[in-house]
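Visitor: I have this structure before me for the first time. May I put my questions to you one by one?

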Amino acid sequence: MVAMDNFDVLVIGRSCMDMIVVLNRFPQENQKAPFEFRMTEGGGQGGTAACCITRLGGRVVYVGKLGDDTEGRFCRQRLEDFGVDTQRVETVPGGRTPLAYAFVSRPSGRRTIIYEPSHLPPHILSTELLKLIKRAPVVLLDPEVTYLGRELERLNAGGLKIVYDAERWRDGMPDIMALADYFIPCADFLDAPQLGFGKWSLQEKMNALKAMIYGQLIVTVGKEGAYYYSGDDIRHVPVPASAANAAVDTIGAGDNFHAAFALAVSRGFDLHRAVRFSVAVASLSCRDYGGRKGVPDWEEATALAARL
């Protein structure tokens, strides 16, 4: 078990089993199409982020939940295969591990995901978890634990560095917007009807969202890379052409970006260096199927980031 006073990032969030199907073309509704191959991998934003951090040489404490079923045992094994300590991953008696079905276009590498919402019990801020949170150099919260923001804000957990993966609008979003030191949505999040941005430009949406949150805003935009603020100016870190040309599957790109960013913050990177590092890691992770096997090690990631 990773020592409570000797780790880089605390990750709290979802694990699931990903059923991945690679196709040359998507069928129209009510039609058929053959697939090229299929595979199974551990998934979930939190679980994948934890695997990424260990691959990069970081020390991660991962807090998650799995069912006591075949899928849960598979997910636990895959976490362990990537070096993640699973002693704080709870097996819920009678619980069902969620599944996600990912369909990947072989020509473009883009993915379409149909996922099963988790029916496992929510995380509770127990005494042990609070101790971990208070000791963590950085806490990475994935979308499934957005609800923890309300309680963390109420506890006035000052001194924490919280990175939040804002995949889409969820209950409790205003609390996490007021709490997170680094609020990192994908570009699709900016189209949430709750924000009311309409057909504004990306810059207009970012300016409006920046005024609504407490911390730094970084927006991931798929193959375009990431945009972030330096003062009042928006900066852009593009995906390097070499990585874009090698991409075959974008399933884990966002999860790996958040993981790399959290590790970079824990190691004292400034914002500019942290974003470049995260773009490098996310870009390289797309070179293999499943979201995990393509993640680079520290040396490869920092070498590519230095060229961005």
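Visitor: Which residue in β7 stands opposite A100?

Guide: Strand β6 (residues 99-105) runs antiparallel to β7, and five bridges join them. Strands (E, at least two residues), like helices (H or I, at least four), are DSSP runs numbered from the N terminus, and two strands pair if DSSP finds at least two bridges between them. In β7, the residue opposite A100 is Y115.

Visitor: What kind of model is this?

Guide: Residues are numbered from 1 along each chain as its sequence is written, and side-chain values use heavy atoms, with hydrogens and water left out. Local features need pLDDT of at least 70, side-chain atom pairs count only at pLDDT 80 or more, and totals for chains, interfaces and linings use all residues; this is a predicted model.

Visitor: Which strands stand at the edges, each with a single partner strand?

Guide: An open sheet of four strands with mixed pairing has the order β3-β2-β6-β7. One side of each edge strand is left without a neighbour in the sheet, because each has a single partner strand; these strands are β3 and β7 (111-115).

Visitor: What angle does the direction of helix α2 make with that of β3?

Guide: Helix α2 (residues 70-81) packs on the sheet, where β2, β3 and β6 are touched; contact means heavy atoms within 4.5 Å. Between the direction of α2 and that of β3, the angle is about 80°.

Visitor: In β9, which residue is the bridge partner of V139?

Guide: V138 and L140 point one way from strand β8 (residues 138-141), V139 and L141 point the other way, and all are buried; buried means under 20% relative accessible area, exposed over 50%, and partly exposed in between (1.4 Å probe, protein chains only). β8 is joined to strand β1 (residues 9-12) by four bridges in a parallel arrangement, and V9 has V138 as its bridge partner. β8 also pairs in the parallel sense with strand β9 (residues 162-166), over three bridges. There, the partner of V139 is I162.

Visitor: Within what arc do the buried residues of α3 fall?

Guide: Helix α3 (residues 127-135) has L129, L132 and I133 as its buried residues. They line one face of the helix, because down its axis they fall within an arc (that of the directions from the helix axis to the C-beta atoms) of 100°.

Visitor: Which exposed residues does the face of α3 turned away from its buried side carry?

Guide: The buried residues of α3 are covered by elements including β1, β4 (60-67), β8 and α4 (148-154). On the face turned away from the buried side, the exposed residues are T127 and K134.

Visitor: Which residue takes a positive phi in the hairpin of β12 and β13?

Guide: Strand β12 (residues 226-230) is mostly covered, with four of its five residues buried. Five bridges join β12 to strand β13 (residues 233-237), and the two run antiparallel, with A226 opposite V237. Their hairpin has two residues between the strands, and a positive phi near 65° is taken by G231.

Visitor: Why is N30 described as exposed?

Guide: N30 lies in the loop between β2 (16-23) and β3 (35-43). Although N30 is not a glycine, its phi is positive, at about 70°. N30 is exposed because its relative accessible area is 79%.

Definitions and conventions. Axes fitted to C-alpha atoms, helices over the stretch in contact; angles between N-to-C directions.
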